[in-house]
Amino acid sequence: MRHAETASRVREVFQDVLGRNISADEDIARANEPKWDSLKHIELMFALEEKFGIAFSEEDLENLASLSAIVNRIAAGDAA
Amino acid sequence: MRHELRIEGFAFRLRPVALDDAQFIVDVRTHEQRSRYLHHTSRDVEEQTKWLKCYLEREGEYYFVIERRLPIRKEGLVVINNFSDSPRSAEWGRWVLVPGSLAAAESALLVYRTAFDVLALDEVFCRTIAENSAVVSFHDSSGLLRRAVMEDYFDLGGPRYAAIEHVLTRERWPVVSETLTTHALRVARRVITSDHIN
């Protein structure tokens, strides 16, 4: 899957869970996004797993903390 | 105060703080990613140990370590204190987790279970620095209701911060329990699976 397509699909999930529009050139970091709390984080990560048919490692669940990092992880195919 | 409450969850538990936890308390409360919205904590472990000895001798406060069950690993801290009789209520706070911890949902769930199912309270509340948007959002997402905004409430040694007070009543506890249990179970299934593999 092309990187741009992955980014678009990840952004869709973010928009659904965080409840706001996210522009194509906007990166979001957990540290700076008010609504990206611990519950939303779980919702995000499991929604992404469902959308992409993948399973993040526990380390990924703990450490992936920005939209771009998540896109890169999924695009690289490192998530199982 | 000295207590024996141990509340077991799916992947995490609450257990009483002990003197041996002094180093962990210093480490997590002074971590640069965690200390911003906390009252100052000395990095001196002996001072922390002295503080714990005083805590153990006073009444009216349940201080817990949030601990992963398998492998046993300390994940954070939380306290229930400030008890009142009418209504039967208490405050929970001093909630801090190590960076990256997945224990947020379950630790909150276990606090509420302690409050309502063990201590038989009618309501429990928490006060969060308004600027601490992630924690404020967590309480909103959990289903707690905002009860008050308290201006200039927190004094951390610099400018004073406003606080947002959230409340959970016994009537609303089943709704919040369902939300937090769903999230806690999802995490637990992943955490327990990875433990099994490792």
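Trainee: Which residue in β2(B) is the bridge partner of Ile7(B)?

Mentor: The model is predicted: local features need pLDDT of at least 70, side-chain atom pairs count only at pLDDT 80 or more, totals for chains, interfaces and linings use all residues, and side-chain values use heavy atoms, without hydrogens and water. Residues are numbered from 1 along each chain as its sequence is written, while chains are lettered from A and ligands numbered from 1 in the order in which they are written. β1(B) and β2(B) pair in the antiparallel sense over 2 bridges; strands (E, at least two residues) and helices (H or I, at least four) are DSSP runs numbered from the N terminus, and two strands pair if DSSP finds at least two bridges between them. In β2(B), the partner of Ile7(B) is Leu14(B).

Trainee: Which strands stand at the edges of the open sheet in chain B?

Mentor: The sheet is open, has 8 strands with mixed pairing, and runs in the order β1-β2-β3-β4-β5-β6-β8-β7 of chain B. Each edge strand has a single partner, so one of its sides is left without a neighbour in the sheet. The edge strands are β1 (7-8) and β7 (145-155) of chain B.

Trainee: Over how many bridges do β3(B) and β4(B) pair?

Mentor: β3(B) and β4(B) form a hairpin with 4 residues between them. One facing pair is Glu67(B) opposite Lys74(B) in β4(B). The sense is antiparallel, and the number of bridges is 8.

Trainee: Which residue in β3(B) stands opposite Arg15(B)?

Mentor: β2(B), residues 12-16, pairs with β3(B) in the antiparallel sense over 5 bridges. The residue opposite Arg15(B) is Val65(B).

Trainee: How many of the residues of β3(B) are buried?

Mentor: Buried means under 20% relative accessible area, exposed over 50%, and partly exposed in between, with a 1.4 Å probe and protein chains only. Glu61(B), Tyr63(B), Val65(B) and Glu67(B) point one way, Tyr62(B), Phe64(B), Ile66(B) and Arg68(B) point the other way, and all are buried. For strand β3(B), residues 61-68, the count is 8 of 8.

Trainee: Why is helix α1(B) described as largely enclosed by the rest of the structure?

Mentor: The buried residues of α1(B) are Ala22(B), Phe24(B), Ile25(B), Val26(B), Val28(B), Arg29(B) and Thr30(B). What covers them includes α2 (45-57), β3, β4 and β5 (89-97) of chain B, where contact means heavy atoms within 4.5 Å. The helix spans residues 22-30 and is largely enclosed because its buried residues number 7 of 9.

Trainee: What is the relative accessible area of Leu180(B)?

Mentor: Leu180(B) is found in helix α5(B), residues 173-197. Beyond four places in sequence, Leu180(B) touches Leu39(A), Ala105(B), Ala108(B), Leu109(B), Tyr112(B), Phe138(B) and Ser142(B). Leu180(B) is buried, and the value is 0%.

Trainee: What is the relative accessible area of Leu64(A)?

Mentor: Leu64(A) is found in the loop between α3 (58-63) and α4 (67-76) of chain A. Leaving out residues up to four places away in sequence, Leu64(A) touches Trp36(A), His41(A), Met45(A), Phe56(A), Ala69(A), Ile70(A) and Arg73(A). Leu64(A) is buried, at 8%.

Trainee: What is the volume of the largest cavity?

Mentor: On a 1 Å grid over the protein atoms alone, a cavity is a set of points where a 1.4 Å probe fits but cannot get out, and lining residues have an atom within 4 Å of a point. Grid points are joined across faces, edges and corners, and a volume is the space filled by probe spheres set on the points. The search of the whole structure finds 1 cavity of 30 Å³ or more. The volume of the largest cavity is about 70 Å³.

Trainee: Which element gives the most to the lining of the largest cavity?

Mentor: The lining includes Ser38(A), Leu39(A), His41(A), Ile42(A), Ala104(B) and Ala105(B). α2 (38-52) of chain A and α3 (104-118) of chain B each supply at least two of the lining residues. With 4 residues, the element that gives the most is α2(A).

Terms used
1 Å grid on protein atoms, 1.4 Å probe; cavity = no way out; pocket = protein on both sides within 12 Å on 5 of 7 lines; lining within 4 Å.
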